[in-house]
Amino acid sequence: MKIDILSKTTLKLTLTPEDMSENRLCYESFSEQGGRCRQTLGKLLKSSDKPEGAAMAARLLNNERRLFVEAFRRTDGGCMLYVSALERQGKKLLDNSCQVSPIIFKPYSEKDLGFACRCLKNAEKEGAGFHSKLFSDGADYRLALIPINVCYNKLYGVLKEFGEVYRDELTAAFTEEHFRVIAEEHGAEKAGRVF
């Protein structure tokens, strides 16, 4: 494997067919969205013999930035990867400039909100990163989450057991307009302690 540093936020990885077979990789594993891509890259980079490239890659993979990965097949059976860290999103969750769609969680009950938030804490320990706000309209609660890494499926899997989950801008806008903010930051953590 060859690592080229293209900028402070971009790496180019060239994988040989041997790299691909030794690590049981295929082109499709890099072209799909998901948390596995980050894990696979981390595993690959640990075995790198170029310390400065591996160190930079470790910084990109370990911080809270989202990664953009472009994968290109090589004719010899290898693969070329361009890994770029995107700018970190601000703390405001329902911001129009945000590149990630928010997840809006509408729990079945207050008790379910508490259970879901405690489960989210465990998901966070397993690598899911997100910002959260808690909203209420006096009768119901809604939790807004913005993932800061590729963890939509993990968050959805946790939340769907305890209520309805929405991933569209319309629901986010409705929530922001018609519900009052109860917790501006760390809404999930606070709700997990209260409910």
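I take contact to mean heavy atoms within 4.5 Å, and I keep in mind throughout that the model is a predicted one.

Entry on helix 8. I looked up which residues of helix 8 (residues 187-194) are buried, and found Gly187, Ala188, Ala191 and Gly192. Because these residues cover an arc of only 130° around the axis, they lie on the same side of helix 8. The face turned away from that buried side carries Arg193 and Val194, which are exposed. I then checked what covers the buried residues of helix 8, and the cover includes helix 5 (110-125), strand 6 (130-136), strand 7 (141-147) and strand 9 (180-183).

Entry on the cores. The largest nonpolar core has 22 residues, of which Phe105, Leu120, Leu143, Leu145 and Leu159 touch the most other members. At least two residues of this core come from each of strand 5 (103-107), helix 5, strand 6, strand 7, helix 6 (152-159) and helix 8, with helix 5 giving the largest share, five residues. I followed Leu159 beyond its neighbours within four places in sequence, and listed its contacts as Ile103, Phe105, Ala116, Leu120, Leu145 and Val165. Apart from this core lies another, of 16 residues, among them Leu25, Leu44, Cys79 and Val83.

Entry on the cysteines. I searched for disulfides and the structure holds zero. Cys117 is in no disulfide, and the nearest cysteine sulfur, that of Cys119, is 9.3 Å away. Cys117 is buried, with a relative accessible area of 3%, and Cys79 is buried as well, at 0%.

Technical notes. Residues are numbered from 1 along each chain as its sequence is written. This is a predicted model: local features need pLDDT of at least 70, side-chain atom pairs count only at pLDDT 80 or more; totals for chains, interfaces and linings use all residues. Side-chain values use heavy atoms; hydrogens and water are left out. A disulfide is a pair of cysteine sulfur atoms within 2.5 Å. Buried means under 20% relative accessible area, exposed over 50%, partly exposed in between (1.4 Å probe, protein chains only). Helices (H or I, at least four residues) and strands (E, at least two) are DSSP runs, numbered from the N terminus. The arc is that of the directions from the helix axis to the C-beta atoms. A nonpolar core is a set of buried Ala, Val, Leu, Ile, Met, Phe, Trp, Tyr and Cys residues joined through side-chain atoms within 4.5 Å.
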